[in-house]
Amino acid sequence: PGFFDPLPDRAELEESFAELLRASQGFEDTLNLARRWTNERRFRAGVHILRHITDADRCGPFLTDLAEVAIAGMQQAVEAEFARRHGRFPGAGYAVIGMGRLGARSLSLRSDLDLITVYEVPEGAVMSDGEKPLSPNDYFIKLTQRLINAITAPTAEGTLYEVDMRLRPSGNAGPLAVSFETFSRYQRENAWTWEHMALTRARVVTGPVGLRARLTQTIAAVLT
């Protein structure tokens, strides 16, 4: 019922996904449920395009909201699972920047996700507080690896999205996650012109409010 009604807005997607996570029986179940939930809604959007209920351009914002809700849910699940072994950095922040079509809110049905991950830890934080503590750099690089794997790994329900991290500072030669200071300094002092062109589509899609605001201000300052 309602399959051919207008596609849901962001608030409806967030409510639906939160309800889904509450029914999860564990981390692996969360991965499968997220894939089923996302792929069903992408299928619905594809049928809407084929039936001329909407067009691909107008589906772009919906597909972007869908991806962002899924990314946020995966990040929450991965962080909780990762913290069981390695603990957390109290007061730290971890944000995902969407680039390319994700940042421009123009995803297509087959788009991959161009991502950059940025972290921030309180001054003086040396190691996480878990059974197997890690330094900030190692912690957030490994956390990003887990997040990418949670999004891209095939399960019984298929894959969620393909992820491209090549737009991060220093590209494939750089670490998977960078600190806020490293990101800011790189964009001001070392980034190539094409990297600044790519930054015109950058948009912070997850993370604590304060870190998101500082990243948004940094991106705007670099571009202007």
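Good morning. I begin with the buried residues of helix α5, namely Pro-136, Tyr-139, Phe-140, Ile-141, Leu-143, Thr-144, Leu-147, Ile-148, Ala-150, Ile-151 and Thr-152. Buried here means under 20% relative accessible area, exposed means over 50%, and partly exposed lies in between, with a 1.4 Å probe and protein chains only. The model is predicted: local features need pLDDT of at least 70, side-chain atom pairs count only at pLDDT 80 or more, and totals for chains, interfaces and linings use all residues. Residues are numbered from 1 along each chain as its sequence is written, and side-chain values use heavy atoms, with hydrogens and water left out.

Helices (H or I, at least four residues) and strands (E, at least two) are DSSP runs, numbered from the N terminus. Helix α5 covers residues 136–152, 17 residues in number, and reaches 24 Å from its first C-alpha to its last. That is close to the 24 Å expected at 1.5 Å a residue, the expected span being 1.5 Å times one less than the number of residues. What covers the buried residues of α5? The cover includes the helices α2 (27–50) and α3 (56–86), together with β1 (93–99), β2 (113–120), β3 (163–164) and β4 (177–179).

I turn to the pair α2 and α3. Two packed helices are described by the angle between their axes and the distance between the axes. Here the axes come within 11 Å and cross at roughly 180°. Axes are lines fitted to C-alpha atoms, for helices over the stretch in contact, and angles run from 0 to 180 degrees between N-to-C directions. The helices α2 and α3 are therefore roughly antiparallel to each other, a term used for angles over 145 degrees. On the α2 side, the contact (heavy atoms within 4.5 Å) involves residues including Phe-27, Trp-37, Arg-41 and Ile-49. On the α3 side, the residues include Cys-59, Phe-62, Leu-66, Met-74 and Glu-81. The contact divides into 16 nonpolar, two polar and three charged residues. In this count Ala, Val, Leu, Ile, Met, Phe, Trp, Tyr, Cys and Pro are nonpolar, Asp, Glu, Lys and Arg are charged, and the others, Gly among them, are polar.

Arg-41, found in helix α2, also touches Leu-13 and Ser-16, as well as Phe-62 and Leu-66, not counting residues up to four places away in sequence. Its C-alpha is separated by 9.7 Å from that of Phe-3, 38 residues apart along the chain. Leu-21 is in helix α1 and, at 23% relative accessibility, counts as partly exposed. Leaving out residues up to four places away in sequence, Leu-21 touches Thr-30, Gly-73 and Gln-76.

Next, the interior. A nonpolar core is a set of buried Ala, Val, Leu, Ile, Met, Phe, Trp, Tyr and Cys residues joined through side-chain atoms within 4.5 Å. Which residues have the most contacts inside the largest nonpolar core? They are Met-74, Leu-113, Leu-115, Phe-140 and Tyr-161, in a core of 43 residues. The elements giving two or more residues to this core are α1 (10–22), α2, α3, β1, β2 and α5. Of these, α3 gives the most, with eleven residues. Apart from this core lies another, of 16 residues, among them Ile-97, Val-118, Ile-219 and Val-222.

Finally, two loops. Most residues other than glycine have a negative phi. His-52, however, has a positive phi of about 60° although it is not a glycine. His-52 lies in the loop between α2 and α3 and counts as exposed at 71% relative accessibility. Arg-105 likewise has a positive phi of about 60° without being a glycine. Where is Arg-105 placed? Arg-105 is in the loop between α4 (100–103) and β2, and at 29% relative accessibility it counts as partly exposed.

Key
Parallel < 35°, antiparallel > 145°, perpendicular 65-115°, else oblique.
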